[in-house]
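Reader: I'd like to learn how to read side-chain contacts in a model like this one. Could you walk me through some cases?

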Amino acid sequence: SADALRSKPGSAIFVNNVRVTSPQEPGNEIVCGVLAAFSEDRGNKLDELRAEDDVRIRQGQLVATGHRALYLVAKGLIELTGDARTGAPRIVRQGQTYVADNFTLDRTQNTFRGKGHWRIEVEPDSARKAAGLLQNK
């Protein structure tokens with residue numbers, strides 16, 4: 001869904017309040033300001049999605065945010081980047097926040113990897129729980 005749609009054979013651009021969900025995977029979604037969808041040969045098979053402006057991707061328990069995302073459907077890969085306004089892209093999973101210059105999310109393997117400068121931020125409650133577990137051993 002989106003506030004506006006511009007389309008021509010082989011492409012569609014969704015603008016403002018964009019939200020993409022899948023009936024097969026209702027817990028997964030992409031939310032952003034602008035989304036361009038491309039298909040080859042003017043067919044219905046989706047080849048590539050390009051999302052921009054406050055991108056939020058939810059895949060199960062993983063939530064990724066950034067400025068831009070490029071989803072290569074055939075490879076199952078999402079490249080996520082940030083910008084000066086939004087900062088570095090972030091991935092939050094199981095109480096930990098991963099920050100990097102950019103990320104590659106592999107939907108086929110359900111993994112991700114950060115590139116460039118990266119760090120892991122742990123929520124205080126998670127850190128306290130982990131410290132308590134270590135003390136009890």
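Author: Happy to, and let's begin with a polar contact, meaning a pair of N or O atoms within 3.5 Å; within protein, one must be able to donate a hydrogen and the other to accept it, and residues adjacent in sequence count only if both atoms are side-chain atoms. Here the side chain of Asp106 reaches the backbone nitrogen of Gln109 at 3.1 Å. This is a predicted model, in which local features need pLDDT of at least 70 and side-chain atom pairs count only at pLDDT 80 or more, while totals for chains, interfaces and linings use all residues. Residues are numbered from 1 along each chain as its sequence is written, and side-chain values use heavy atoms, with hydrogens and water left out.

Reader: Is Asp106 buried or exposed, and which side chain of opposite charge is nearest?

Author: Buried means under 20% relative accessible area, exposed over 50%, and partly exposed in between (1.4 Å probe, protein chains only). A salt bridge needs a side-chain nitrogen of Lys or Arg within 4 Å of a carboxyl oxygen of Asp or Glu. For charge, Lys and Arg count as positive and Asp and Glu as negative, with His and the chain ends not counted. Asp106 is buried yet lacks a salt bridge, and the nearest side chain of opposite charge, Arg113, is 5.6 Å away. Asp106 belongs to strand 8; helices (H or I, at least four residues) and strands (E, at least two) are DSSP runs, numbered from the N terminus.

Reader: How many salt bridges does the structure hold?

Author: There are nine salt bridges. In one of them, Glu29 pairs with Arg58, the closest N and O atoms being 3.4 Å apart. Glu29 lies in strand 3 (residues 29-39) and Arg58 in strand 4 (residues 46-59), so this pair ties together parts that are 29 residues apart in sequence. Glu29 is buried at 9% relative accessibility, whereas Arg58 is partly exposed at 25%.

Reader: Which strands hold Glu79 and Lys115?

Author: Those side chains meet in a salt bridge (3.7 Å, N to O). Glu79 sits in strand 6 (residues 77-81) and Lys115 in strand 9, so parts 36 residues apart in sequence are tied together. Glu79 is partly exposed at 27% relative accessibility, and Lys115 is partly exposed at 33%.

Reader: And how should I read ring pairs?

Author: Rings of Phe, Tyr and Trp (its six-membered ring) pair if their centres lie within 6.5 Å; planes under 30 degrees apart count as stacked, over 60 as edge-to-face and the rest as tilted. This structure holds two aromatic pairs. The rings of Tyr98 and Phe112 have centres 5.0 Å apart and planes at 70°, so they are edge-to-face. Tyr98 is in strand 8 (residues 96-106) and Phe112 in strand 9, so the pair ties together parts 14 residues apart in sequence. Tyr98 is buried, with a relative accessible area of 15%, and Phe112 is buried as well, at 19%. The rings of Phe103 and Phe112 have centres 5.9 Å apart and planes at 75°, so that pair is edge-to-face too.

Reader: Which residues do the ring pairs link into a cluster?

Author: The cluster consists of Tyr98, Phe103 and Phe112, linked by ring pairs. Both Phe103 and Phe112 are buried.
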